[in-house]
Amino acid sequence: MTTHVIGAGLAGLAAALAVRGPVVVHEAAASAGGRARALPDGTDNGTHALLGANRAALDFLRGIGALEHWVEPEPEGLPVLDLADGRARRIALSPLGWARAANRPDGLTPRALLALARLAGPGDRAVGPALSAHPAFLRGFVEPLVIAALNTPVGEASSRRLAAVLRRVGAPGAARLLVARRGLGPDLVEPALAAIRARGGAVRHGARLRSLGIEGGRLSALDFGEEVVALAPRDRAVLALPPWEAARLLPDLRAPAEHAPILNLHFTHATPGPVRFLGLLGGLCQWVLVRPGTVAVTVSAADAEAREATPDLAPRAWGEIRALAAAFGLPGEWPEEPPPCRAVKERRATPRHRPGDPPPPPVLALPNLALAGDWMEPVLPATLDAAVRSGRRAARALER
Ligand SMILES: Cc1cc2nc3c(=O)[nH]c(=O)nc-3n(C[C@H](O)[C@H](O)[C@H](O)COP(=O)(O)OP(=O)(O)OC[C@H]3O[C@@H](n4cnc5c(N)ncnc54)[C@H](O)[C@@H]3O)c2cc1C
């Protein structure tokens, strides 16, 4: 009884480690990791942060022996520079941290909190209009959180998905923010592949699934073009693919069709460290990850920015980074001239999470074919955590 996992993103890697018996992972690309991967030169495609609330993702890291490589760069609260007025301070992500007035977001009034709490009630609305009476709180806290967690502009983002995030970050330790100390390759993808191989699994690269063979209501074959894998009666498969690929292979599938881009700018810059993770309000950059040797900027929900050219983006971003470095006293030199910059534009980074999105399809597409992927998560936004949860859920569904 072999399980074939199609796609070596986080959902596929999690499924491969959760199924019983022999497993083969088939990945179209030359490397694993999907939307959370190391580029050929080792640079992350984009900064990935996890929260303490992402229990499935953290459990996955623990299981592959990589949790110790994820560090909490800002245990005292997130350093945020507001470019509108030059204020630099630490903002707590969790309501538990708001007991200290200095760590409270702007505009945090009882009425603003009540309006936020109402979003957790029944129904699903766009977040921005629902909080328009509280512009300071919206700008200083809700919008950055929505953009980071849902990768959807706040004016169109789903209150139901945001409420699911808020419910989870309220618990003690749940708002801790973690990043990979070295990068997604050594701290996520490589340990996951090693764990799959250690349990006897195989990973095939350059294996793009072209079509599915279905006979008698069951999956019977996987067509990879030059090779067709015939399934034995007890064999099964997990399709751990992005929604557009899953929908191509299963045309009647209900899958998200609209996505939002994430732009990352990677500056090659010698900094002594330590790892830092800082935020900006009112500029191009939203988050800045400083690691020894690199400074990476994240712009989520980057519909407009992803259309701009790197030579236009880099000087703007670098000017903001210098202001951030000055405001928080980051060690090292921060010269006026921008260092070499590489832009990575992930145009379909995640689905757009809007009110009233239809629920994902059932996990079992056929009795021996399960679906996984970040977009299969019914409640939470599409993230690493959602991908891991979906992979494990697919494995459980096949074991029943
Ligand atoms: C720039 C960026 C920043 C992000 N930041 C964060 C963050 O900070 N925190 C967070 O939690 N999440 C973040 N995310 C989201 C996170 O990366 C995704 O939710 C997650 O990686 C999705 O995993 P997946 O396995 O569902 O899909 P994918 O990663 O897309 O994996 C699918 C795999 O299937 C392969 N494939 C596709 N078609 C075929 C085929 N026909 N045959 C075989 N293989 C195929 C692909 O090559 C890929 O490897 C970010 C995403 C991006 C792009």
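Me: What volume does the second largest cavity have?
Reply: The second largest cavity has about 40 Å³. A cavity is a set of points, on a 1 Å grid over the protein atoms alone, where a 1.4 Å probe fits but cannot get out; its volume is the space filled by probe spheres set on the points, joined across faces, edges and corners.

Me: Where do these values come from?
Reply: The model is predicted, with local features needing pLDDT of at least 70 and side-chain atom pairs pLDDT 80 or more, while totals for chains, interfaces and linings use all residues. Numbering runs from 1 along each chain as its sequence is written, and side-chain values use heavy atoms, leaving out hydrogens and water.

Me: Which residues line the second largest cavity?
Reply: Its lining (residues with an atom within 4 Å of a point) is made up of Thr 271, Gly 273, Pro 274, Arg 276, Val 290, Leu 330, Pro 331 and Trp 334. Five of these are nonpolar, two polar and one charged.

Me: How many cavities of 30 Å³ or more are there?
Reply: There are three. The largest cavity holds about 60 Å³.

Me: And what lines the largest cavity?
Reply: Val 80, Asp 82, Arg 87, Arg 89, Ile 91, Asp 106, Gly 140 and Leu 281 do. By class, that lining has four charged, three nonpolar and one polar; Gly counts as polar here.

Me: Switching to the ligand. Which residues come nearest?
Reply: Glu 27, Arg 35, His 48, Glu 245 and Asp 374 come nearest, out of 35 residues around the ligand. "Around" takes a heavy atom within 4 Å.

Me: How is the shell around the ligand split by class?
Reply: The shell has 17 nonpolar, 11 polar and seven charged residues.

Me: Why does the ligand lie between two domains?
Reply: Because domain 1 (3-44 + 183-257 + 354-399) and domain 2 (73-92 + 175-180 + 259-351) both contribute residues to the shell around the ligand. The bounds come from an automatic or database domain assignment.

Technical notes
On a 1 Å grid over the protein atoms alone, a cavity is a set of points where a 1.4 Å probe fits but cannot get out, and a pocket is an open set with protein on both sides within 12 Å along at least five of seven lines; lining residues have an atom within 4 Å of a point.
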